[in-house]
Amino acid sequence: MAIIFLRSAIIYIALLFIMRLMGKRQIGEMQPFEFTVTLLIAELACIPMSDFSIPLLYGISAIVAVFVLHQFMALLDKSNKVFKFLFSGKPSVVINKNGVDFSELKKNNLDVSDLIESMRILGYFSLDAVSYAIYEANGTLSALENENIETSSDLPLLIVKGGKTDKKNLEKIGYTEDKLNKFLLKQGIKKIKNVGVFTVDGGGRFYLQQFNKKYQTGNLKINKENI
Amino acid sequence: MIKALISAILSLLVVVGASLFEQNYLKNSFGEFERAVSVTYEKTQNHTAVKEDVLSVQDLWVEKKKTLHIFIPHNDIKEVDLWVSEAVTLVENEKWEDALSKLEVVLEMVEQIPKTYSLRIENIL
């Protein structure tokens with residue numbers, strides 16, 4: 001019983017550690033230590049139920065171990081900021097007044113398309129539709145609307161993400177790579193690999209941001225037929 | 001917060017208490033059974049064992065295993081069941097060498113099983 005308890009405790013801690021390392025992408029509306037419990041409990045309850053060569057006591061002691069650890073983790077999480085950071089992580093500001101913070105995204109194992117997806121769930125379809133966006137410790141995105149931007153009825157297409165061009169989307173706006181390079185050069189960007197994100201919506205409104213630089217917006221002439 | 005702390009500490013104490021009881025119970029049960037098997041083993045070595053000697057060992061095991069099922073995997077218990085049963089027939093037929101080898105296996109298992117479930121670092125990792 002003590003062995004099962006200790007083994008469960010080790011697995012719990014290892015799982016929690018891994019969940020924290022994986023970043024916010026793997027968690028959905030739960031703190032990492034809550035998510036760890038969810039992952040463990042189902043299996044722990046299932047195995048002794050179905051395999052009757054294992055005493056039921058093994059399952060029960062493992063579940064009690066998870067319960068005890070969860071209670072202690074929850075208490076430490078509430079009582080001390082350091083523990084809260086260790087167990088749950090901290091919120092990440094992924095969009096600020098300069099645009100997308102690529103280093104924060106990277107820290108959380110996310111990329112721009114994950115951010116755009118999370119924003120769409122919140123009802124924001126353009127990266128400049130929000131002044132600030134924060135990935136909470138539980139993996140959900142909170143956003144502060146940018147009141148200076150009028151909402152557009154056109155869906156932005158992701159043309160460049162992390163220095164790589166999406167050729168299909170580029171074709172849709174009627175651009176070639178040469179044409180795109182010329183446009184970027186006009187904006188003061190020599191190489192496409194320096195572009196963190198570049199989106200264009202059906203109205204030709206673009207959002208362009210280099211890594212570690214402030215974003216820029218504007219309009220460009222595009223082929224609107226395919227969008 | 002205090003409720004959560006109390007429930008966690010109480011659960012922990014229950015586990016610690018139950019674990020101590022389990023360790024002690026396994027040690028005593030297997031110790032008693034090992035002594036009974038050893039006596040029969042010696043008698044078998046001297047060719048003085050009779051069927052009733054092994055049957056009494058078997059009865060003791062049947063009695064012990066009722067509670068042991070709570071603490072150790074049933075497959076381990078089944079293994080001991082089989083080896084003891086074989087020893088009964090072999091002693092009855094006075095096949096001493098074969099009976100000795102079966103009883104030796106029983107002794108080894110009785111020695112090893114409690115070790116497998118004792119609180120040791122190699123069992124935890």
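# Cores, strands and helix contacts

Q: How many residues does the largest nonpolar core have, which have the most contacts inside it, and what makes a set of residues a nonpolar core?
A: In this predicted model, the largest nonpolar core has 30 residues, and those with the most contacts inside it are Val94(A), Val100(A), Leu105(A), Leu115(A), Val197(A) and Phe198(A). Such a set is called a nonpolar core because its members are buried Ala, Val, Leu, Ile, Met, Phe, Trp, Tyr or Cys residues joined through C-beta atoms within 7 Å, where buried means that 20 or more other C-beta atoms, placed from the backbone, lie within 10 Å of a residue's own. Residues are numbered from 1 along each chain as its sequence is written, and chains are lettered from A and ligands numbered from 1 in the order in which they are written. Because the model is predicted, local features need pLDDT of at least 70 and side-chain atom pairs count only at pLDDT 80 or more, whereas totals for chains, interfaces and linings use all residues.

Q: Which element gives the most to this core?
A: Strand S7 (195-200) of chain A is among the elements that give two or more residues, and S7(A) gives the most, with four residues. A strand is a DSSP run of E with at least two residues, and a helix is a run of H or I with at least four.

Q: What is Phe198(A) in contact with, leaving aside its neighbours within four places in sequence?
A: Phe198(A) is in contact with Ile159(A), Val160(A), Phe206(A) and Leu208(A), a contact being two C-beta atoms, placed from the backbone, within 7 Å.

Q: How do you know that S1(A) and S3(A) pair?
A: Two strands pair if DSSP finds at least two bridges between them, and S1(A) and S3(A) have three, in the antiparallel sense, so they pair. Ser92(A) stands opposite Tyr135(A) in S3(A).

Q: Where do H3(A) and H1(B) meet, and in which crossing does one pass the other?
A: The axes of H3 (residues 56-79) of chain A and H1 (residues 2-45) of chain B come within 9 Å and cross at roughly 145°, and the crossing is left-handed. Among the residues that meet are Phe67(A) and Phe72(A) in H3(A), and Leu5(B) and Leu12(B) in H1(B).

Q: How many residues does each chain bring to the contact?
A: Chain B brings 22 residues and chain A brings 19 residues, and on the side of chain B the largest share, ten residues, comes from H1(B).

Technical notes
Axes fitted to C-alpha atoms, helices over the stretch in contact; angles between N-to-C directions. Left-handed = near helix turned anticlockwise from the far one by under 90°. Buried ≥ 20, exposed ≤ 12 C-beta atoms within 10 Å, placed from the backbone.
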